[in-house]
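Please look over the structure below before reading on. The briefing that follows is meant to be read beside it, one topic at a time.

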Amino acid sequence: MTQEAESWHRARLSIALLALDPVGLGGAVVRMRASPMRDAVLTELQAIPLPLKKMPPNISDEQLYGSIDLSATLSTSQIIVLKGFFYNSTAILLTMAERCPIALAAKLSLELDTTDKHCLIALDEGADPDEGCPPALADRLAFHISPQGRPTAPTPLVPAGTPALDPAGVSLGEDALEDLTQLAVQLGIDSLRAPLLASRAAKAHAALFGRSVAAFEDVEAAAALVLAPRATQLPQDEHDDTPDTPPPPEAEQDGEDNDTDTQQELPDGDMLIAAVKAALPPDILGSLVPAGTSRNAQGAGAGQKRKSNRRGRPLPSQPGRLDGANRIDLVATLRAAAPWQPIRREQRPDVSGLHIRSSDIRIKRFQERSDRLLIFVVDASGSAAVSRLGEAKGAIELLLAQAYATRDHVSLIAFRGTEAEVLLPPNKSLVQTKKRLAALPGGGGTPLASGLLEARAMVDAGRSKGLTPSVILITDGRANVALDGTPNRAQARTDATRCATALTATNVPSLVIDMSNRPQAGLKDLAKTLQGDYIALPRADAHKLSAAVSASLDAR
Amino acid sequence: MKTAFPFSAIVGQTDMKQAMILTAVDPAIGGVLVFGDRGTGKSTAVRALAALLPPITAVKGCPVNSETVDACPDWSENTQSETHERPTPVIDLPLGATEDRVVGALDIERALTRGEKAFEPGLLARANRGYLYIDEVNLLEDHIVDLLLDVAQSGENVVEREGLSIRHPARFVLVGSGNPEEGELRPQLLDRFGLSVEVRSPQDIGERVEVIKRRDAFDTDPAAFLAAYAAEEARIRDAITVAKARLGKVTQDDAVLTDCAALCIALGSDGLRGELTLLRSARALAAYRGDPAITRQHLRDVAPIALSHRLRRDPLDDAGSGTRVARTVDSVLA
């Protein structure tokens, strides 16, 4: 079988298992763009013995949990209660799962955790690797289906005439559980739900093939279907006998049985790993990121966008229900109702005035942009003053003018002598910033670490006020004062790197401007640590500097 | 509803289990915050806790679970006066719950059909004298957080809206859980939690396998599994009841108070809430263990869970706040 055919086979097998134990397995994430291929998958999903019901990601609480139907109640003057989505046992088809708000994901997780009647199919159309079904949901769903290429002709999964059993009656050996748990650890899967779901999948697989005791093939299939798509690292070879996690001390007391156990299971383990390796997605290496480096590339060109129904820039209004949380768009509502007036008047001649039905109601929507906060961290040390603190000041003034035009917030941190100082807390006052900047004296050592630390504090403070910060560091890079204020070049460098790492951890976009006479290799490294851009300014003037900065910030 | 997984069958996670038992012994400690990765059994533990809590006596039909008829709020129009034993309420507050659902609102059903102005109590009323559980608490919307901050502090829910003017008691133990990778918690809310624990998946294969085995056994045959752990559950429940009764008799000398203060000063925790929580949880632990007085050992055991979330953040210390507390405890109580 080719790889594509293989992936389709796995998708079909997943769905067949889901059909046997829809509730126990939780469901599946189907990661495909809308296409005939996805339709093929959806058709196969009909095999699940629960009614398939679509759920849009912007579903309201009333639709989820049920509520009084206001308009029906008013017109009949009897309480009409709408049954919510969760009332009946369903296979929930969550469309556009990549857009699913975290709140809805939390409600769905709660429902899956506390009741025993739903199965969730999340249709994930995410285009980028970092766009996808909310992890809280994906963790609870057994299968992650994303077949490649065109669908192949379905081949029968089981020999004809095999009676499927009830998965609940299948028994799974304890060693199989151990194998699956161990394999999950080797694949870097931290969540304990994964091996649990895999064990249920193994039972379902055994049931599908008419076995009342799960065999090795069943465990193997479960590992390939459930564990492989969750892998965050490639399994280490069993032969180098040093696991990367140090053996915990508790293991020592019963070390002997453990040893014999692992020796017995080694062949099994190896074969399981082989099964998983075959099922790993082809781009796994590309999508594997070393721990700690994952980082969302958030644009710095403007603040992060947030949907809001209270404030911000207006978006087109939408049909909706008045649930107390949103506001009615009166004009749009009237406009929607207008064409129907003659017909409605004929239907209800006894009612005078406008005829407005609940379907006419339009809801206001706004998009709120959180304000951008530019944090300037300026080196005012003696070495910088010699080169061109003046030019840097000029450039900052130009940037400030731009910031004023775009209503950005600005904050100024200077470091010189033994420590950094916040010259200006975040504000919008251009005049004040200019005054403080002009009064900024030069001279003394370069406590770069202290400056970075202050920047980090400012980033946190800005975020807590709902701003979207960016950091612009202007320095000549000769850090020579350590965090504790002592002049110690080596210590100062280590501290600077540590502080830069701490700043990077806040995921803030940053830019390093090198204002020394000759570009400093150390600063390039610092920019790399900050995961930000680096601009060297050999003999540039203020205008060039300002142009470079705006280009770098807007390019993202 | 699924039956909850038994508390005593949870493998490992001693910190989390201990924190929950302590709040059950003394609800005044002020709740637990559980932070950890997905799939580490945070919600399992909270839901399991419900089965361990001793039942409360409440007036039948009272929306706020009042203990006596006199305490029933007037607006409830409750005519029943008998009391009954009911399990301690553990109420889920889902993310994205509207303000109406949380604090209560005008009863639309009655307003529409009978034209009466009546109050429909919300989640805060139902959680009175019990537990309020917020999963993914760090993602809770700000306006709900503001509501909670006030109510958690005052123990009273005040509703002034839609022509209603109503107040009712809302004393509850706040239990929150969340994944720190997805967002931080506002310091004000963080401070309202008495204890905080960090959980992570067990790193030992044997322990992990045990978790999976137990869960699998539970899923296969819940009744048999519950029966197997019934004795252990009953033991913990009784121990909690005994500890509750003993709580007032636990004594402490001034040296313990000095230790509490010295610890909090060394750690630089703001306000006096740190000292109070430390003392209360140490007392609850002493009561649970059957000791007559609070000793340094009790302080040592509860300091990490009572103080680790009250430190100022130090971005350069990768060790985590738990380690910092442990270090300070070692030096102060040396």
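In this predicted model, helix H6 (residues 102-114) of chain A lies across S2, strand S5 (91-94) and S6 of chain A, and runs at about 165 degrees to S5(A). Helices (H or I, at least four residues) and strands (E, at least two) are DSSP runs, numbered from the N terminus. Angles run from 0 to 180 degrees between N-to-C directions, and axes are lines fitted to C-alpha atoms, for helices over the stretch in contact.

Because the model is predicted, local features need pLDDT of at least 70 and side-chain atom pairs count only at pLDDT 80 or more, while totals for chains, interfaces and linings use all residues. Residues are numbered from 1 along each chain as its sequence is written, chains are lettered from A and ligands numbered from 1 in the order in which they are written, and side-chain values use heavy atoms, with hydrogens and water left out.

**The sheet in chain A**

- The open sheet has 5 strands in the order S2-S5-S6-S1-S7 of chain A, with parallel pairing, where two strands pair if DSSP finds at least two bridges between them.
- Its edge strands, each pairing on one side only, are strand S2 (52-55) and strand S7 (143-145) of chain A.
- Strand S1 (residues 27-31) of chain A runs parallel to strand S6 (residues 119-124) of chain A, joined to it by 5 bridges, and A:Ala28 stands opposite A:Ile121 in S6(A).
- Helix H1 (residues 3-20) of chain A packs on the sheet and touches S1, S6 and S7 of chain A, a contact being heavy atoms within 4.5 Å.

**A hairpin in chain A**

- Strand S12 (residues 409-416) of chain A pairs with strand S13 (residues 419-427) of chain A in the antiparallel sense over 6 bridges.
- These strands, S12(A) and S13(A), form a hairpin with 2 residues between them, and A:Gly417 in the turn has a positive phi of about 65 degrees.

**A glycine in chain B**

- B:Gly31 is found in the loop between helix H1 (14-25) and strand S1 (32-36) of chain B.
- At 0% relative accessibility, B:Gly31 counts as buried, since buried means under 20% relative accessible area, exposed over 50% and partly exposed in between (1.4 Å probe, protein chains only).
- The C-alpha atoms of B:Gly31 and B:Tyr131 are separated by 8.4 Å, although these residues are 100 residues apart along the chain.
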